[in-house]
Amino acid sequence: MQRFFIFIAIASIVAPVSTLLYAQDDTASNLRIGFSQVGTESDWRTAFTDHIVTEAARRNIELLFIDAENSQENQIAAIRYFIQEGVDAIVLAPVIETGWNAILLEAQQANIPVVIIDRNVTADESLYLTRVSSDFKHEGRLAAAWLAQATAGDCNIVELEGTVGSSAARDRHIGFLEVIQLFPEMRITVSQPGDFRRDNGEQIMEGILNTENPAEICAVWSHNDDMAIGAIEAIKKAGLDPGDDILIVSVDAIPDIFLAMMNGDTNATVELNTNMAGLAFDAIDSYFNGESVPKWIRVPGGLYFPDTAAEEYAKRT
Ligand code: GYE
């Protein structure tokens, strides 16, 4: 009799564990997930997309991927399509931060969890499962702190802003200002939006170099590496030495910025990890396993300089 009870005891322990393990296995695969992506405006964005697609395939997730070409209207239509398709979950990389309440409520009413990834939304956090992202204000503070020490707190700065209305552009600007305001001789003299695009970075910087006195420009603070690389081209065309005559600091840590560092054309970048896919899919798995999920899953990123550019470039290509 005793052996019999032991068997039941073991079975009663093994079964739920195996079910849980199987369930974990099960929820890690065979999910249908809709992913609404901003677009292809930067190298960082395309690398980010690659990670999502690769990780979904690795987990046997059926990914319904829609590129919004930087249009919120397209993203809202994509989410409505995902809801009609009855997906298990939705991942949204919001192009701008406002205007999402109604569509997020539609997803909630359809019992479809939504993970916000990368940029933020102003919608109430009860309308989404979690947000996986970096701290954009911290990125701005890091960039400004480096520039303050590189210039002894005395610098007239050109700012290349990201997409107007995006939390990334707003918060990087806020974080950067928080630090330079500590230095009376540091100021942003010109600030223009370039939509995180390399071609815009070059055009804007070309215009600034034609209208401002280049000798008065100490540094360029760019909300992403792509616009910084565009600005580097404009600075070179103006006969100036980027990274020396005009210092440059940006965000993303894409491979091309490390190439620019190796050429002496830029000075610092703050990393934004392109691989948030696993964190987003794990959060969805936790949701289906009935586990609690924090409202913000933060992705860290540090400062990189030319002294490690060669190895960072090799690592990322
Ligand atoms: O820095 C830029 C992309 O949303 C924080 O978007 C992201 C930004 C990133 O276009 O390269």
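Helix H2 (residues 43–58) lies across strands S1 (32–37), S2 and S4 (114–117), and runs at about 175° to S1. Contact here means heavy atoms within 4.5 Å; axes are lines fitted to C-alpha atoms, for helices over the stretch in contact, with angles from 0 to 180 degrees between N-to-C directions. Helices (H or I, at least four residues) and strands (E, at least two) are DSSP runs numbered from the N terminus. The model is predicted, with local features requiring pLDDT of at least 70 and side-chain atom pairs counted only at pLDDT 80 or more, while totals for chains, interfaces and linings use all residues. Residues are numbered from 1 along each chain as its sequence is written, and side-chain values use heavy atoms, with hydrogens and water left out.

Six strands form an open sheet in the order S2-S1-S3-S4-S5-S11, with parallel pairing. Strands S2 (62–67) and S11 (296–298) are the edges, each pairing on one side only. The twist from one strand to the next averages 20°. Pairing requires at least two bridges found by DSSP between two strands; S5 (residues 130–133) and S11 are joined in the parallel sense over three bridges. Within S11, Ile297 is the bridge partner of Val132.

Most residues other than glycine have a negative phi. Phe196, in the loop between strand S7 (185–193) and helix H7 (198–211), has a positive phi of about 65°. Ala253, in the loop between strand S9 (247–252) and helix H9 (255–262), has a positive phi near 60°. Phe196 counts as buried at 5% relative accessibility, and Ala253 counts as buried at 4%. Buried denotes under 20% relative accessible area, exposed over 50% and partly exposed in between (1.4 Å probe, protein chains only).
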